[in-house]
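Q: Walk me through this model, please. For each label, I want the value and the cut-off behind it.

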Amino acid sequence: MTLMVPAVNVAALKDTTLLNMGIFALFVAVTMVIVFRASRNNKTAADYYAAGRSFTGSQNGTAIAGDYLSAASFLGITGAIAINGYDGFMYSIGFLVAWLVALLLVAELLRNTGKFTMADVLSFRLKQRPVRIAAAISTLAVCFFYLLAQMAGAGSLISLLLGISDWGGQALVIIVVGALMIMYVLIGGMKGTTWVQIIKAMLLIAGAAVMTFWVLAIYGFNLSDLLGGAAETAKNPAVLNPGLQYGKSDTTKLDFMSLGLALVLGTAALPHVLMRFYTVPTAKEARKSVVWSIWLIGLFYLFTLVLGYGAAALVGADTIKGAPGGVNSAAPLLAFHLGGPLLLGFISAVAFATILAVVAGLTITAAASFAHDIYANVLAKGNADPDTEVRVARRTVIVIGILAIVGGIFANGQNVAFLVALAFAVAASANLPTIIYSLFWRKFTTQGAIWSMYGGLASAIILIALSPVVSGAKTSMIPGANFAIFPLSNPGIVSIPLAFFLGWLGTVLDKKTEDTTKQAEMEVRSLTGVGAEKATNH
Amino acid sequence: MGHDAQGTDAAASVDFKEVQSTEQFQELRKRHRSFVFPMAIAFLLWYFAYVLLADYAVGFMSTKVWGNINIGLILGLLQFVSTFAITGWYVSYSNRKLDPIASEIRHGIEGHEFDKHGNPVSGTAK
């Protein structure tokens with residue numbers, strides 16, 4: 001078999017636009033029907049936010065994989081491996097290993113102590129108002145930056161997939177994606193959103209599996225030959241070694257450590273992932289969900305290794321970089337090379353579905369946090385009528401949807417990695433220390449939680465604002481200005497330890513102590529599941 | 001008022017401080033922590049050792065072992081293997097050492113358990 005590859009004709013991609021749109025429309029139609037059917041039982045707040053706690057561990061695990069494997073994972077990692085070789089693979093590892101933090105330290109204990117949101121757990125034995133407000137603010141901040149990244153990603157993808165390259169056309173597509181997302185969440189609530197995630201996760205994993213099998217078949221199922229092919233097309237054997245992207249200087253090396261820290265500690269603190277643990281009836285099912293999602297996500301990231309090197313070998317880094325959509329086009333171009341327009345259409349539709357589903361999951365999390373934490377527990381002081389609370393949540397969905405559309409249009413063409421890194425760093429800095437301390441440290445106090453959450457949130461955002469991602473470099477958001485006094489593009493290595501330190505300092509300096517009865521209740525509940533809310537009966 | 005995270009439930013009138021001080025609960029707490037803490041430290045050390053090697057020991061990681069497969073790739077794939085292995089280990093540990101004692105304590109407090117459809121079930125089997 002000859003390993004000479006014909007060049008992918010990027011111009012020919014335009015002919016497949018109608019097909020792409022057709023497959024995408026089919027996906028939307030099928031999922032809309034499912035969302036309508038799922039919505040018939042949305043009566044209470046537990047139905048709307050937590051899908052009546054009626055999903056099984058394996059269903060929820062698939063939905064978690066759907067939430068987690070965003071377009072950034074599929075298109076971003078495949079592209080990173082295709083261009084930067086081994087350094088791209090290190091992202092996959094960080095994203096996967098991070099799940100052990102969720103499995104061992106967070107998932108089950110959180111399911112046992114909370115009801116709807118992350119703030120339920122954080123404020124369990126501390127002072128309600130200040131802790132809930134802080135947790136809701138950091139939830140909204142993480143969701144908003146994550147949303148912007150997804151919407152901006154949608155915009156830049158469209159230029160390749162649908163052949164729309166003008167600003168107005170892309171803005172229109174962002175509006176369509178945003179409007180669809182608002183409809184899913186308004187009608188379907190958590191149950192509808194979860195079904196969309198499940199379908200999307202299965203399509204994505206199946207599509208990636210087919211392409212992986214195909215690439216491996218071309219190389220006679222010999223991984224070494226595939227790697228050799230990638231090195232040969234790149235004319236650079238260093239694509240197989242670490243350091244191509246991050247080994248340039250001491251600063252970039254430190255930057256990779258910082259990113260590695262944010263990735264491994266950020267996942268277990270992402271509000272939209274945490275909220276998924278409430279959709280199952282028991283802690284044991286929460287554990288099963290994480291196990292199921294670890295297998296699916298791990299399998300998928302193994303596929304991305306083959307797909308990334310496959311794209312490097314069969315399509316070539318130069319063709320990928322030159323295509324509209326740049327690095328993100330590696331997976332679709334590989335699909336086109338392997339299976340022609342039909343496979344490209346399928347993979348493109350899956351990529352769109354991915355963005356739609358992840359955006360819906362983020363929106364419902366943000367809406368739940370606003371309605372449940374800020375409206376019901378702070379503004380209405382815990383006396384809100386559940387129907388009113390759900391109504392507030394639905395209105396919040398519309399507001400967040402519109403904000404995401406507007407933000408997405410303006411963030412279109414911006415550096416998407418910046419927004420994703422900020423979301424992970426903010427989650428790891430603002431949320432994780434308080435989650436861990438309140439679950440495991442008896443003496444932890446309200447002051448410690450407040451210092452840690454606001455300190456982590458502020459330091460992460462300020463350091464990113466002062467980093468080369470925002471100014472001072474050619475790739476910056478504001479290339480003309482230079483106020484980048486912080487040299488790293490990811491703040492994790494500073495802001496995460498700082499947030500842990502502030503949580504400790506705030507606690508030891510706090511003259512007040514917390515209610516030991518509440519601490520006992522939280523500890524007993526978290527480990528035994530006593531009194532944890534069961535599935536609602538329909 | 002205060003946290004209403006749980007709503008009404010059978011455990012509302014329980015003296016949690018008393019439950020917390022029982023030998024049975026202390027044993028559950030010890031078993032849980034003595035597994036998850038060392039395991040969390042171990043996998044984080046192993047992960048950061050790998051990141052440091054990839055970051056600062058490029059020559060070592062680039063050593064070819066078999067064909068084009070180098071030490072870096074093998075260590076990377078071993079991160080996948082260790083993640084899957086720790087997951088399996090934790091599940092089996094929970095099933096054997098944590099779940100039985102946790103449900104015993106729970107039954108002692110609630111007196112009964114619900115299945116996932118909300119119907120009461122008797123016994124420890126699920």
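A: Start with confidence in chain B. This is a predicted model, and chain B averages a pLDDT of 81. In chain B, 77% of the residues score at least 70.

Q: Which elements of chain B have the lowest and the highest mean pLDDT?
A: Strand E3 (residues 113–114) of chain B has the lowest, 46. Helix H2 (residues 23–56) of chain B has the highest, 93.

Q: Where in chain B is the pLDDT below 50?
A: One such stretch is residues 1–10 of chain B, with 19 contacts beyond near neighbours in sequence. Another is residues 112–118 of chain B, with 17 such contacts in the model.

Q: How is chain B put together, from the N terminus on?
A: The elements of chain B run α-α-α-β-β-α-β-β. That gives four helices and four strands. Chain B has 126 residues, and 26% of them are buried. Take the contacts in chain B between residues at least 6 apart in sequence: 52% join residues at least 24 apart.

Q: What pLDDT does chain A average?
A: Chain A averages 83, and 91% of its residues score at least 70. Among the elements of chain A, helix H2 (residues 45–50) has the lowest mean, 70, and H18(A) the highest, 95. Over residues 1–7 of chain A the pLDDT is below 50, and that stretch has three contacts beyond near neighbours in sequence.

Q: What are the ipTM and pTM of the model?
A: The ipTM is 0.87 and the pTM is 0.86.

Q: Why is A:Leu498 called buried?
A: Count the C-beta atoms: 20 others lie within 10 Å of that of A:Leu498. The cut-off for buried is 20 or more. The count meets the cut-off, so A:Leu498 is buried.

Q: Where is A:Leu498 found, and what is it in contact with?
A: A:Leu498 is in helix H18 (residues 492–508) of chain A. Leaving aside neighbours within four places in sequence, its contacts are A:Gly455, A:Gly456 and A:Ser459. A:Ser459 is 39 residues away along the chain, yet the two C-alpha atoms are separated by 8.3 Å.

Q: Why is A:Phe221 called exposed?
A: A:Phe221 has 10 other C-beta atoms within 10 Å. Exposed means 12 or fewer, so A:Phe221 qualifies. Its place is the loop between helix H8 (167–218) and H9 of chain A. A:Phe221 also has a positive phi of about 55°, although it is not a glycine.

Q: What makes A:Lys235 count as exposed?
A: A:Lys235 has 10 C-beta neighbours inside 10 Å. The limit for exposed is 12 or fewer, so A:Lys235 counts as exposed. A:Lys235 is in the loop between H9 and H10 of chain A. Phi of A:Lys235 is near 50°, a positive value in a residue other than glycine.

Q: Why are H5(A) and H12(A) called roughly antiparallel?
A: Their axes cross at roughly 175° and come within 9 Å. Angles over 145 degrees count as roughly antiparallel. The crossing angle is past that cut-off, and H5(A) and H12(A) are therefore roughly antiparallel.

Q: Which residues make that contact?
A: From H5(A), they include A:Phe89, A:Phe95, A:Trp99 and A:Arg111. From H12(A), they include A:Arg287, A:Ile294, A:Tyr301 and A:Leu305. The contact divides into 14 nonpolar, seven polar and three charged residues.

Q: How many residues of chain A are in contact with chain B?
A: 58 residues of chain A are in contact with 56 residues of chain B. H5(A) gives the most to the side of chain A that touches chain B, with twelve residues. That side divides into 30 nonpolar, 19 polar and nine charged residues.

Q: How many residues are in the largest nonpolar core?
A: The largest nonpolar core has 220 residues. A:Ala311 and A:Val426 have the most contacts inside it. Helix H14 (residues 330–379) of chain A gives the most to this core, with 31 residues. Apart from it lies another core of eleven residues, among them A:Leu527, A:Val530, B:Leu28 and B:Leu98.

Q: What is A:Ala311 in contact with, leaving aside neighbours within four places in sequence?
A: The contacts of A:Ala311 are A:Thr78, A:Ala82, A:Ile320, A:Ala330, A:Ala331, A:Leu333 and A:Leu334.

Key. Residues numbered from 1 in each chain as written. Chains lettered and ligands numbered in written order. Predicted model: local features only at pLDDT ≥ 70, side-chain atom pairs only at ≥ 80, totals over all residues. Helix = DSSP H or I, 4+ residues; strand = E, 2+ residues; numbered from the N terminus. Contact = placed C-beta atoms within 7 Å. Nonpolar A, V, L, I, M, F, W, Y, C, P; charged D, E, K, R; others polar. Axes fitted to C-alpha atoms, helices over the stretch in contact; angles between N-to-C directions. Parallel < 35°, antiparallel > 145°, perpendicular 65-115°, else oblique. Core = buried A, V, L, I, M, F, W, Y, C linked by C-beta atoms within 7 Å. pLDDT = per-residue confidence, 0-100.
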